[in-house]
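Hi everyone, thanks for coming.

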Amino acid sequence: MQAAVGADLAQDSLLSVRSLKTQFPVDQGLVKAVDGASFEIRRGSTLCVVGESGCGKSVTARSILQIVDRPGRVVGGEMLFRRRLRNGSALTGEEEIVDLAKLDPKGAEIRDIRGRDIAMIFQEPMTSLSPVHTIGDQIVEAVHVHENLSKAEAKDRAVDVLQRVGVPKPKQRFDSYPFQLSGGLRQRAMIAMALVCNPVLLIADEPTTALDVTTQAQILELMHELQADYGMAIMFITHDLGVVAEMADDVVVMYLGLAVERGDVRSIFHNPQHPYTRALLRSIPKLGLGARTGPRTRLDTIRGMVPDPYNRPAGCPFHNRCDEFMPGTCDRIVPPPIQFGDRREVRCLLHGGAEEDTR
Amino acid sequence: MSTETLPTGSLAGPQDRVLLNVEELQLHFPIKEGFLRRTTGHVRAVDGVSFFIREGETLGLVGESGCGKTSTGRCIVRSHQPTGGRIAYHAKGSDPVDIATVEGSDLKRYRRDIRMIFQDPQSSLNPRMTLRDIIGEPLKIHGIASGSELEDRVGALLRDVGLRPEYMSRYPHAFSGGERQRVGIARALSLNPRLVVADEAVSALDVSVRAQILNLLQDLQVEHQLTYLFISHDLSVVEYLCDRVAVMYVGKVVEMADTATLFANPKHPYTEALLSAVPKPDPLLRDRRDRIVLSGDVADPSDPPSGCYFHPRCRYAKPICAEEQPPLRDVGDGTFAACHFSEELNLRGVATPPPPK
């Protein structure tokens, strides 16, 4: 089967997700976990996906690799991925564009992409590594799935990549089980496993959330270095705006399955356009801003909470928590994407889009 | 207990209106091995922790996981029995009592005054109990209210934490994470406590909900004249909420100071590294700063290094650091630090930008 498409994809774009829809039909109803999210990942750059729990950021990542848990399914949209062509295991230097959304989740083609072109690391290394295999064996397995190497060669690759991610004494650590490693080392082992096949895109789903700040600083530093060495793009999923400010080139803010705002990191932080982005930025205590020097100020909060997934509000999904809610407009019309400036997009009726559907 | 060998007693001066004074608190867990279950060593979870909390203030207790901050909190509410040290609690109108050693019905009295809020509202609420039972249970146990009076009390508590009293007969699963945390707070407040130990109370919450709970905790502190021991690993939340901060590393307090002083002018190299590791939510700041990345991992509390526990990771370490353990001492400015070189070192805090106009 050939899923290659001659679709348009900007030259610097590695992956373009357009109107992605992923849904979970369950007994209580249909959960629209991702409902029309669009964004772009540029070659060699870092895209941070930020949002609260339940906003669909993890499902988006899993949709890209077609590893959504049952009964979830990608039901619509496009995910155009620029894939390196190979002759055997050698790169030919040419590329084709594949629509990942059209691939069969169990098919050979997506399985070839998983782990080789696009790799993923997860939040909790303890639960995503096998407890009964050594980390060395797990990395070697990842090599064998994709490449035809002898046992000794594969082991050399694994030790080499363990060394690259800063695991001390990699030869000895090769034979360690995950429980024998600290949280930071486990996360390094998982990154090693993801990088062993030189992916062009690394999806990191909250890779530092379970770690202490000092360990988090080590891992973030490591990811910066590895990105410079390997030249891969990173899709970094997090709810921590501090990490976003640290890592991102581009940012997507998600709310209830929709990418409500996207843009480069500076304009998102210093010129946010969507009321949700602004509220999110206002609700975090900022380190070093000397909150204690003056009288204690209250944090700005966002009213209410993320709505129930079975019961999505009509119109703009954020309207019932929004301070700039326009009755009769926001609760009727789903805001269309409004583009402005370079790589900036916002979905909010304050910025237009309300006209075309008024009575 | 080996009080006679311990160098210091109380850190608090006579001018401090101290509610709780923790001195050289120890909690060692035995490691048992072999057929005879012989004790072959100890995990020094809490190893000589000293700090004090003034009445009405919020003391932050920060550190990495495994540093003993939760164990310290649990010793204070006495769900762990400390293996050494004193916890002097100044009850209203009486002399200080050492609650590290009280037992039985005496202990029950102090359990009313010192309550706890837990991290994970999902697992700390019994799924088979209604909110009425969950929040009312402490009232029943202490024989304070029953029947319709109990319902009134529970209703009032629910209103205090921003929930509707009609929710009383619902079960925890019907609520979101933030609402469940409010229930946990209501339960902690049901006995009119004086000191509330909040163990990572907002760590499991999303940012928007976290801000709501932080505001609620501040409102309740004013309304109920509460004193908080706020245990957290999140330094930006601690800076926002706390009046003073104690930093722990491998079972010891390494620095304690007023929040503004500690964040602007740390006196212990570990505090400096911890502050520098926190990602700042401003992309313009990321290129300018040179971050201190600590190498290696936190020391093993069952086999800590010699001398200062931090010396293998410390970039200012000198030979003396490997030999002599620095005591927690007053280094001026209301700051206590456990470092041989606190006075000489010029450590970097988190720069405070000028306030916006």
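Predicted model: local features only at pLDDT ≥ 70, side-chain atom pairs only at ≥ 80, totals over all residues.

Before anything else, a word on how I name things: helices (H or I, at least four residues) and strands (E, at least two) are DSSP runs, numbered from the N terminus. With that in hand, residues 31-275 of chain B are 40% helix and 25% strand, and the end C-alpha atoms of that span lie 34 Å apart.

Residues are numbered from 1 along each chain as its sequence is written, and chains are lettered from A and ligands numbered from 1 in the order in which they are written.

An unreviewed UniProt entry annotates residues 31-275 of chain B as "domain: ABC transporter". For chain A, the annotation "domain: ABC transporter", also from an unreviewed UniProt entry, covers residues 15-281. UniProt positions are given here in the numbering I'm using, with feature names shortened, and annotations may be inferred rather than shown by experiment. Residues 15-281 of chain A come out at 37% helix and 31% strand, with 27 Å between the end C-alpha atoms.

How confident is the predictor? The complex gets an ipTM of 0.80 and a pTM of 0.85. Per residue we use pLDDT, the predictor's confidence in each residue, from 0 to 100. Chain B has a mean pLDDT of 86, and 93% of its residues reach 70 or more. Residues 1-8 of chain B are below 50, and this stretch has six contacts in the model beyond near neighbours in sequence. By contact I mean two residues whose C-beta atoms, placed from the backbone, lie within 7 Å. Residues 353-357 of chain B also stay under 50, with two contacts beyond four places in sequence.

So where do the chains meet? The contact takes 41 residues from chain A and 42 residues from chain B. On the chain B side, helices H7 (207-224), H8 (235-241), H9 (259-264) and H10 (269-277) each supply at least two residues. H7(B) gives the largest share, eight residues. And what is that side of chain B made of? It divides into 23 nonpolar, eleven polar and eight charged residues. Here Ala, Val, Leu, Ile, Met, Phe, Trp, Tyr, Cys and Pro count as nonpolar, Asp, Glu, Lys and Arg as charged, and the others, Gly among them, as polar.

Next, sheets. Two strands pair if DSSP finds at least two bridges between them. In chain A, strand S1 (residues 13-26) and strand S4 (residues 73-87) pair in the antiparallel sense over seven bridges, and A:Leu15 stands opposite A:Phe81 in S4(A). S4(A) is also joined by seven bridges to strand S5 (residues 90-99) of chain A, again running antiparallel. A:Arg82 has A:Ile97 in S5(A) as its bridge partner. Between S4(A) and S5(A) sits a hairpin turn of two residues, where A:Gly88 has a positive phi of about 70°.

Over in chain B, there's an open sheet of eight strands with mixed pairing, in the order S6-S7-S8-S3-S9-S10-S12-S11. Strands S6 (114-117) and S11 (329-330) of chain B are at the edges with a single partner strand each, so one side of each has no neighbour in the sheet. Further in, S3 (residues 58-62) and S9 (residues 244-249) of chain B pair in the parallel sense over four bridges; there, B:Leu61 has B:Ala246 as its bridge partner.

Last topic: what's buried? A residue is buried if 20 or more other C-beta atoms lie within 10 Å of its own, exposed if 12 or fewer, and partly exposed in between, with C-beta atoms placed from the backbone. Helix H1 (residues 57-65) of chain A is mostly covered, with nine of its nine residues buried. After H1(A) comes A:Gln66, with a positive phi near 60°. For H7(A), 13 of the 13 residues are buried, so that helix is largely enclosed by the rest of the structure.

A:Pro335 is buried, with 24 other C-beta atoms within 10 Å, and among the residues in contact with A:Pro335 are A:Cys316 and A:Arg347. B:Asp113, in helix H2 (residues 104-113) of chain B, counts as partly exposed, with 18 C-beta neighbours inside 10 Å.
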